Amino acid sequence: MKNFVILGGGYGGLTIAKELLDKHIPDNIQIILVDRMPFQGLKTEYYALAAGTVSDFDLRVHFPDEQRLIRRYGEVTSMDLENKMVHFQDGEPLSYDQLVIALGCTDRFHNTPGAEEYSCTIQSFNHTRQTYLRLNEIKPYGHVHIVGGGLSGVEIAAELRESRADLNITIMDRGERVLSAFPQRLSAYVHAWFKEHQVNALNHVGVSRIEPGAIYNHDEQITTDAVVWTAGIQPVKIVQDLAVPKDPQGRIVLNEYYQIPDHPEVYVVGDCASLPYSPSAQAAEVQGEQIAHIVRDLWKGHTPHPHPLKLRGTLGALGKKAGFGYGFMGSTSLRGRVPRLLKSGVLWKSKRHFG
């Protein structure tokens with residue numbers, strides 16, 4: 001038997017597994033899915049778990065119960081690409097014939113003193129649970145500062161406002177506006193929502209360090225009860241340690257088949273892969289679908305013909321009743337109730353393995 005090993009049961013890894021299981025698998029191939037936990041965490045919704053508006057049970061998607069899918073749970077510590085072995089914190093190493101690296105990302109703290117030690121994050125299920133405890137133990141009228149005005153920062157600021165009307169919430173960004181990657185009109189809409197719901201937005205902020213009970217904007221000390229860090233991501237340390245070519249963001253450079261050029265038996269999907277898009281769940285799923293097609297073609301002895309990745313647009317939430325979207329039907333932007341309903345629909349499908 002040949003081992004087709006998928007490291008990580010997130011959006012990209014699970015998509016590959018489901019796509020392969022939906023079609024014929026050669027009799028000499030066994031698919032092994034490796035993850036720390038026995039379920040997928042819906043990472044796009046971690047902001048709601050941190051704010052306390054959903055439980056962690058609501059964000060669990062159990063892996064497919066397929067006889068052809070072998071599941072192994074454990075903490076991966078390293079990958080030996082030369083000897084085709086995966087090593088674990090506990091248990092025996094796992095050999096592979098083909099490997100998919102789908103291990104996701106971790107926070108990028110930009111060498112900001114105290115950021116890793118004293119801020120809360122939402123990049124893993126465990127860290128998000130800890131963030132929930134920290135935020136919801138703050139006494140009334142406490143101060144929460146969210147560093148990073150991208151999609152994650154905006155969503156957690158809005159959701160926390162809906163969860164804790166008593167808190168003073170400030171979102172801090174180094175740019176001119178939140179959602180700088182989105183059109184100006186969407187940023188203006190979010191700023192207006194923040195103003196209406198008393199979320200303070202500070203722009204042109206340079207976070208120089210974080211200490212217990214304080215965050216610094218350059219040399220200005222600002223008292224705080226909690227800091228939530230959403231100001232950047234990078235591949236996990238295991239991937240950072242791999243001696244393979246990477247792009248300036250630390251993501252692995254791939255060939256046209258999403259393989260590591262010097263190790264064509266190794267595929268990389270999602271946040272660890274160098275793609276022409278910002279890391280996202282949607283990009284990981286779309287890329288995962290293509291990798292599954294490529295793998296099936298190669299199993300059959302055919303030459304794959306991958307096509308350019310096409311994303312369908314981005315949706316964001318402002319609490320449970322409002323939202324925004326961009327990239328649908330060209331440059332059309334959506335604001336208000338409709339994009340929030342669309343985002344809820346996407347979540348419903350994800351929970352039921354519909355992508």
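## Exercises on ring pairs and helix packing

Phe39, Tyr46 and Phe125 are joined into a cluster by ring pairs. The model is predicted, and local features require pLDDT of at least 70, side-chain atom pairs count only at pLDDT 80 or more, and totals for chains, interfaces and linings use all residues. Residues are numbered from 1 along each chain as its sequence is written, and side-chain values use heavy atoms, with hydrogens and water left out.

**Exercise 1.** Classify the ring pair of Phe39 and Phe125, and state which parts of the chain the pair ties together.

*Solution.* 
Step 1. Rings of Phe, Tyr and Trp (its six-membered ring) pair if their centres lie within 6.5 Å; planes under 30 degrees apart count as stacked, over 60 as edge-to-face and the rest as tilted. A search of the whole structure gives six aromatic pairs.
Step 2. The ring centres of Phe39 and Phe125 are 5.7 Å apart and the planes stand at 85 degrees, so this pair is edge-to-face.
Step 3. Helices (H or I, at least four residues) and strands (E, at least two) are DSSP runs, numbered from the N terminus. Phe39 belongs to strand β3 (residues 39-41) and Phe125 to helix α4 (residues 125-136), so the pair ties together parts that are 86 residues apart in sequence.
Step 4. A residue is buried under 20% relative accessible area, exposed over 50% and partly exposed in between (1.4 Å probe, protein chains only). Phe39 is buried at 7%, and Phe125 is buried at 8%.
Step 5. Trp193 and Phe194 also form an edge-to-face pair, with 6.0 Å from centre to centre and 70 degrees between the planes. Both Trp193 and Phe194 are buried.

**Exercise 2.** Describe how the buried and exposed residues of helix α6 are arranged.

*Solution.* 
Step 1. The buried residues in α6 are Leu186, Ser187, Val190, Trp193 and Phe194.
Step 2. Viewed down the axis of α6, the buried residues fall within an arc of 120 degrees (taken from the directions from the helix axis to the C-beta atoms), so they line one face of the helix. An α-helix has 3.6 residues a turn, so residues three or four places apart point the same way.
Step 3. Gln184, Lys195 and Glu196 are exposed on the face of α6 turned away from the buried side.
Step 4. Contact means heavy atoms within 4.5 Å. The buried residues of α6 pack against several elements, including α5 (151-163), β12 (168-172) and β13 (199-202).

**Exercise 3.** Determine how many residues of helix α1 are buried, and name its packing partners.

*Solution.* 
Step 1. In α1 (residues 11-21), 11 of the 11 residues are buried, so the helix is largely enclosed by the rest of the structure.
Step 2. Among the buried residues of α1 are Tyr11, Lys18 and Glu19.
Step 3. The buried residues of α1 pack against β1 (2-7), β2 (29-35), β3, β5 (69-73), β9 (98-101) and α8 (281-300).

**Exercise 4.** Is His145 buried or exposed, and which residues does His145 touch?

*Solution.* 
Step 1. His145 lies in strand β11 (residues 143-147).
Step 2. The relative accessibility of His145 is 4%, so this residue counts as buried.
Step 3. Leaving out residues up to four places away in sequence, His145 touches Thr170, Met172, Ile215, Ile222, Thr223, Thr224, Ala226, Val227 and Val228.
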